[in-house]
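In these notebook entries I record what I looked up in the structure. I began with the open space, then turned to a sheet and to a single residue.

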Amino acid sequence: MDASALRCPSCGAAVRPPSRFAREAACGFCGTVLRLDPSRVRSARYKEAFAEWETPGPALEVGGTRWVLGERIGRGTVADVYRATRPRFPSERAVVKLLRLGGDLPVAAREWATTSALAVSDAPGAPAYTRRIPEPIVCGTVSAGGWSGHHAAVYRATPGFRLSLAAVRARPPARLAQASLWVWRRVLEVLTFLHRAGYAHGAVAPEHVLVQDGEHGARLVGFGNAARIGSARLTVPLSPPGLFPDEGPIGPRGDVVASARTVQWLLTGAATTPPDVPPPYARVLRAAAGGELDDAWALREELGAVARAAYGRPAFLPLSTPEVSHG
């Protein structure tokens with residue numbers, strides 16, 4: 001007996017299966033046992049389930065998917081960044097980058113092409129490091145809902161990464177110089193993956209480094225300049241000024257220089273080394289910021305030795321806590 005038969009074939013009484021997953025049901029009048037076919041689904045039940053899954057709401061549509069925007073969490077030179085959820089059950093959390101009308105579409109296209117290529121890269125460390133850069137879901141022109149006509153790129157949400165180094169600089173914690181060592185090492189790990197995959201970031205900056213709440217994690221975002229090593233830098237206004245090498249195409253050396261200058265900015269508010277950091281750390285900061293180093297992994301290893309020489313045993317020094325917000 002299949003699940004679409006809701007009357008007993010023996011006495012005609014109504015039969016209600018004990019659950020939607022039941023494989024048999026007994027007639028309450030005559031006791032006849034009905035065997036239910038699990039491959040048959042009533043259309044009404046299917047439509048009810050689908051309506052529950054794709055709940056109507058004030059959403060925008062891009063690439064055949066619908067998203068409800070939450071708070072704005074960032075504003076870049078060409079796009080606004082929002083938290084978003086899928087209006088369905090079960091839902092999905094994401095980050096949506098909406099290009100402002102008249103914005104630079106080549107920048108958005110370059111970011112999407114690079115992050116999509118890295119998502120399927122088999123470069124060393126890919127399983128770990130692809131989770132420390134934007135993970136693409138879908139992109140395209142918003143076809144329905146608010147923001148129609150804008151270009152949108154949807155990336156997987158990463159709970160726990162809320163504060164950029166720019167926000168940390170606004171409220172610097174104690175022992176910032178010591179904590180900056182682990183931040184720099186995490187950034188260099190991601191850069192190592194990019195470089196080994198054949199790509200350069202081209203815009204390492206305080207706003208593009210996110211630190212993890214209460215942990216020693218860091219992510220690299222802002223891939224609008226990222227591309228194959230040797231590609232030309234796009235004409236995107238970058239800030240703070242003075243962090244980025246101006247000469248030539250993007251590549252490993254420029255990324256390492258920008259990472260060092262970003263750490264200098266975190267410590268001083270400018271691309272200079274503070275006078276009160278331990279000499280071994282100051283020496284490496286100046287060398288990297290001056291373009292003397294181009295191997296991200298070798299620098300990462302050297303910083304481990306510098307940290308031990310300057311500060312002794314490793315210490316747990318998170319830069320943010322769940323109580324601190326973007327403000």
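For the entries below I took helices and strands as DSSP runs, numbered from the N terminus. I also kept in mind that the model is predicted.

**Entry 1: the largest pocket.** I looked up its volume and found about 1,300 Å³ of space. I then asked which residues of the lining lie nearest its centre. They are G74, V81, K97, E207 and V221, out of 50 residues that line the pocket. By class, I noted 27 nonpolar, 14 polar and nine charged residues in the lining. Several elements each supply at least two residues of this lining, including the strands β4 (65-75), β5 (79-85) and β6 (93-99) and the helix α2 (105-119).

**Entry 2: the sheet.** I next traced an open sheet of six strands and wrote down its order as β3-β4-β5-β6-β8-β7, with antiparallel pairing. At the edges I found β3 (60-62) and β7 (136-141), each of which pairs on one side only. From one strand to the next, the twist averages 35°. I counted seven bridges in the antiparallel pairing of β5 with β6.

**Entry 3: L243.** I located L243 in the loop between β13 (227-228) and α6 (252-268). Is L243 buried or exposed? L243 counts as buried because its relative accessibility is 1%, and the cut-off for buried is under 20%. Beyond its neighbours within four places in sequence, L243 is in contact with P206, A258, R261, T262, W265 and A271. I also noted that 7.3 Å separates the C-alpha atoms of L243 and A205, which are 38 residues apart along the chain.

Key:
Residues are numbered from 1 along each chain as its sequence is written. This is a predicted model: local features need pLDDT of at least 70, side-chain atom pairs count only at pLDDT 80 or more; totals for chains, interfaces and linings use all residues. Side-chain values use heavy atoms; hydrogens and water are left out. On a 1 Å grid over the protein atoms alone, a cavity is a set of points where a 1.4 Å probe fits but cannot get out, and a pocket is an open set with protein on both sides within 12 Å along at least five of seven lines; lining residues have an atom within 4 Å of a point. Grid points are joined across faces, edges and corners, and a volume is the space filled by probe spheres set on the points. Helices (H or I, at least four residues) and strands (E, at least two) are DSSP runs, numbered from the N terminus. Ala, Val, Leu, Ile, Met, Phe, Trp, Tyr, Cys and Pro count as nonpolar, Asp, Glu, Lys and Arg as charged, and the others, Gly among them, as polar. Two strands pair if DSSP finds at least two bridges between them. Axes are lines fitted to C-alpha atoms, for helices over the stretch in contact, and angles run from 0 to 180 degrees between N-to-C directions. Buried means under 20% relative accessible area, exposed over 50%, partly exposed in between (1.4 Å probe, protein chains only). Contact means heavy atoms within 4.5 Å.
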